[in-house]
Amino acid sequence: MIPSPITPSVNFDADGTQHGYLKLPHSRDESAWGTMLIPITVVKNGEGPTALLTGANHGDEYEGPVALSKLANTLAAEQIHGRVIILPFMNYPAFRAGKRTSPLDGGNMNRSFPGRPDGSFTEKIADYIYCHLLPLSDYVLDLHSGGKSMQLLPFAAAHVLEDKAQQARCVAAMQAFAAPYHIMLVELDSVGMYDSAAEALGKTFVTTELGGGGSAIPYTLEIAETGIHNLLVHAGIKHGALIPRNSVRLDMSADNCFITSEHDGLLEMCVNLGDPVSKGQVVARIHDPARTGVAPEGYRAGLDGIVALRHFPGLIQCGDAIALIAVAQLD
Ligand code: ZN
């Protein structure tokens with residue numbers, strides 16, 4: 001087995017709080033013997049379960065990085081029993097560039113697992129997480145949001161798994177997170193996903209989508225921070241009580257739930273995120289950016305539901321998702 005080129009500056013077995021780095025050699029024009037320093041915090045207090053908390057799997061999603069930076073700054077060893085590993089900026093080059101994927105190799109972290117120790121930068125980081133961090137962990141929380149191109153209703157999600165006992169553990173952790181919305185996901189193309197890599201190792205895994213638009217707002221940050229607290233309490237790691245919230249279950253499995261643009265142009269959203277819509281209702285119009293005096297193209301909802309996702313930037317291209325209409329169900 002080829003060893004990972006990454007070395008940690010923290011000792012995962014030591015009690016107390018440690019702030020350090022995952023150190024990855026990065027030889028480049030500006031720094032011949034340089035190193036990429038990926039921040040990591042480990043908080044440990046005695047024996048107990050371990051939670052691995054990650055953000056910036058995609059580098060332009062900010063609720064996770066902000067909430068986890070705050071947690072790393074404030075979580076004291078006396079508040080826990082067990083271990084919390086905080087990796088706020090998983091795809092660090094992508095995060096520093098403010099991009100979904102890595103500017104060094106084009107790598108999409110969530111398509112790079114289980115990674116390779118002798119692969120691209122993205123694959124080397126994925127390999128280290130897969131071989132060295134996931135095996136230490138019992139609970140794994142990966143905080144995503146819509147990024148610069150999308151805005152989503154804030155939800156936590158678990159996957160439909162073959163192992164129903166594991167699925168039940170994941171669902172219980174997702175419900176404990178207590179986002180305003182939750183969803184059961186069936187991945188059609190799970191190759192390379194962090195989610196499926198962690199689940200294949202038997203971990204209790206929760207993922208989220210918490211807003212987006214290329215920034216974080218107080219509303220979605222509160223959901224991230226409350227969810228992290230709740231997950232750690234649920235895992236038996238953090239002392240304290242769960243902070244409950246009534247969640248609405250979303251179903252996004254209908255064939256016609258996605259509305260995809262077939263035009264390039266100027267986007268006029270006609271509904272807000274979270275609005276109820278009925279089948280046939282105009283959800284968006286796309287205006288011709290090259291001339292005036294032309295009627296816009298109207299895009300309609302294919303089913304009754306609520307707007308769970310919208311395209312965020314004002315310009316849109318052919319093939320972009322305009323919106324997703326989900327069906328809301330009270331538990
Ligand atoms: Zn993401």
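**Pockets, helix packing and backbone features**

The largest pocket has a volume of about 1200 Å³. Of the 41 residues that line this pocket, Leu185, Glu187, Met252, Phe258 and Leu324 are the closest to its centre. The structure described here is a predicted model. Several strands give two or more residues to the lining of the largest pocket, namely β7 (150–152), β8 (155–159), β9 (181–185), β10 (204–209), β11 (248–251), β17 (305–311) and β19 (321–330). When the lining of the largest pocket is sorted by class, 18 residues are nonpolar, 13 are polar and ten are charged. Residues of the lining come both from domain 1 (7–248) and from domain 2 (252–329), and the largest pocket therefore lies between the two domains.

The second largest pocket has a volume of about 220 Å³. Its lining consists of 16 residues, and those nearest the centre of the second largest pocket are Gln151, Gly211, Ile217, Thr220 and Leu273. At least two residues of this lining are supplied by β7, and at least two by helix α6 (218–234). Strand β7 also gives two or more residues to the lining of the largest pocket. By class, the lining of the second largest pocket comprises eight nonpolar residues, seven polar residues and one charged residue.

Helix α6, which contributes to the lining of the second largest pocket, also takes part in packing with other helices. The axes of α4 (residues 164–177) and α6 come within 7 Å and cross at roughly 135 degrees. Because of this angle, α4 is oblique to α6. The crossing in which α4 passes α6 is right-handed. Helix α1 (residues 63–74) packs with α6 at an angle of about 55 degrees, and the axes of these two helices are 9 Å apart. Because of that angle, α1 is likewise classed as oblique to α6. The crossing of α1 past α6 is right-handed.

A cis peptide bond links phenylalanine 113 to proline 114, with omega at about 5 degrees. Alanine 56, a residue other than glycine, has a positive phi near 55 degrees.

Terms used: Residues are numbered from 1 along each chain as its sequence is written. This is a predicted model: local features need pLDDT of at least 70, side-chain atom pairs count only at pLDDT 80 or more; totals for chains, interfaces and linings use all residues. Side-chain values use heavy atoms; hydrogens and water are left out. On a 1 Å grid over the protein atoms alone, a cavity is a set of points where a 1.4 Å probe fits but cannot get out, and a pocket is an open set with protein on both sides within 12 Å along at least five of seven lines; lining residues have an atom within 4 Å of a point. Grid points are joined across faces, edges and corners, and a volume is the space filled by probe spheres set on the points. Helices (H or I, at least four residues) and strands (E, at least two) are DSSP runs, numbered from the N terminus. Ala, Val, Leu, Ile, Met, Phe, Trp, Tyr, Cys and Pro count as nonpolar, Asp, Glu, Lys and Arg as charged, and the others, Gly among them, as polar. Domain bounds come from an automatic or database domain assignment. Axes are lines fitted to C-alpha atoms, for helices over the stretch in contact, and angles run from 0 to 180 degrees between N-to-C directions. Angles under 35 degrees count as roughly parallel, over 145 as roughly antiparallel, 65 to 115 as roughly perpendicular and the rest as oblique. A crossing is left-handed if the near helix is turned anticlockwise from the far one by less than a right angle, and right-handed if clockwise.
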